[in-house]
Every structure is written in structure tokens, then in C-alpha cells.
Amino acid sequence: MFCYPIDDDITLALVHEHHAKQMVQLVGRQKDYLGQYLPWVADCDERSYKDFVKFALGKYADGKGVDTVIIHQGAIVGAASLNNIYPALKKADIGYWLSQEHQGRGIITRAVRGLMDIAKHYYGVQVVEIRAAEQNLPSRRVAERLGFEFCGIIANNECVNGKIFNHAMYAYRFKDG
């Protein structure tokens, strides 16, 4: 299995069916919190996760994405993904979520930095984008801590549980790319 060690505490591991039970339990404990901004949370069960893994591994095989679980000190605590890799544009975007009880420790910032390294060194990406709901300040702060430039607000960009969200858009351009 593909694993990308970030440091002594954090590893990114390519999604796999054997993560299903742990992921469903993690999401289930935090449905209200995660469901604020993630539309798939309400329907998360082992079957839907395994279907997602098949889709994600197809993207990975086609060079279009890298979906990972975040492992912190041996336990899955969230997920981070490199999405929509466009080789011709040398561009991709990053998505992420972290369990509420693991926030405030720099875990997601380090995981996203790891995905940025993968994007640059393995896929030749020069620009990485992050979009987060305008009200999702913790996710927006991750982009800001990593030096992403705020590009503006995209109106009515996503609907989650009947609620329409604007997205704050951030971009990072690698200096040597």
C-alpha cells in the first residue's frame, strides 16, 4: 500500500477498503460536526466507503487524484486528497477534513503540506488550489498558514443538506515552478 510519511507522528496512506470500518466509526462519531460542510457524511457507511475507494483508486491509476487517510500515531484521524490533477495546466486542488478532537495540533497543516510535496514532485504541479466554505474558518486558516493567496469568493458554489455555500478560493504557486 502507498504510504507517504510526513513526520514521526503523521503518515498519509492511500485509501483502501480495509479502512472502511475505522472511517465509518470516525465519521459516525462526528456526523453533526463534519456534516456542516461535507455532503457525503449523512450517507457514510461501509458500502459507500468501499464504493468511494474503488472510484478513488481509479482516479489514482489514471493520474487524476490521490485520496489518502491521515494516520496520526497509528490511528486514522481524517482524510486529505489531491484532486483534479490537470497535467496540461500543471494544476490540482486539495481537499481535507480532520476529526474535531485532533484539531489544533498542526496535523492537517502538515498533511496538506505533504500533499503539496506530492503534487509538485510526483505530478509536476505548479499551482495548487484550496476551496472552503466561506464560513469554514478552520479550513480557511489552513490555506492561509501554508501561504496560499486568497483569490476571492465563488458565489453559490456548493449545496450541503439544502444549504448553499459560497466558497473562499485560495491558490499557491510554487516559486520554482
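Student: Hi! How many of the residues in the protein chain are buried?
Tutor: Of its 177 residues, 46% are buried, meaning under 20% relative accessible area with a 1.4 Å probe, protein chains only. This is a predicted model, where local features need pLDDT of at least 70, side-chain atom pairs count only at pLDDT 80 or more, and totals for chains, interfaces and linings use all residues. Residues are numbered from 1 along each chain as its sequence is written, and side-chain values use heavy atoms, leaving out hydrogens and water.

Student: Okay, and which residues have the most contacts inside the largest nonpolar core?
Tutor: Those are Ile70, Leu82, Ile94, Val112 and Phe148, in a core of 33 residues. A nonpolar core is a set of buried Ala, Val, Leu, Ile, Met, Phe, Trp, Tyr and Cys residues joined through side-chain atoms within 4.5 Å.

Student: Which element gives the most to this core?
Tutor: That's α4, with eight residues.

Student: Back to Val112: what is it in contact with, leaving aside neighbours within four places in sequence?
Tutor: Val112 is in contact with Ile94, Tyr96, Ile130, Val142 and Leu146; contact means heavy atoms within 4.5 Å.

Student: New topic! How many helices and strands are there?
Tutor: The protein chain has five helices and eight strands. These are DSSP runs, with helices (H or I) of at least four residues and strands (E) of at least two, numbered from the N terminus.

Student: How big a box do the C-alpha atoms fill?
Tutor: Roughly 40 × 35 × 30 Å, taken along the principal axes.

Technical notes:
Buried means under 20% relative accessible area, exposed over 50%, partly exposed in between (1.4 Å probe, protein chains only).
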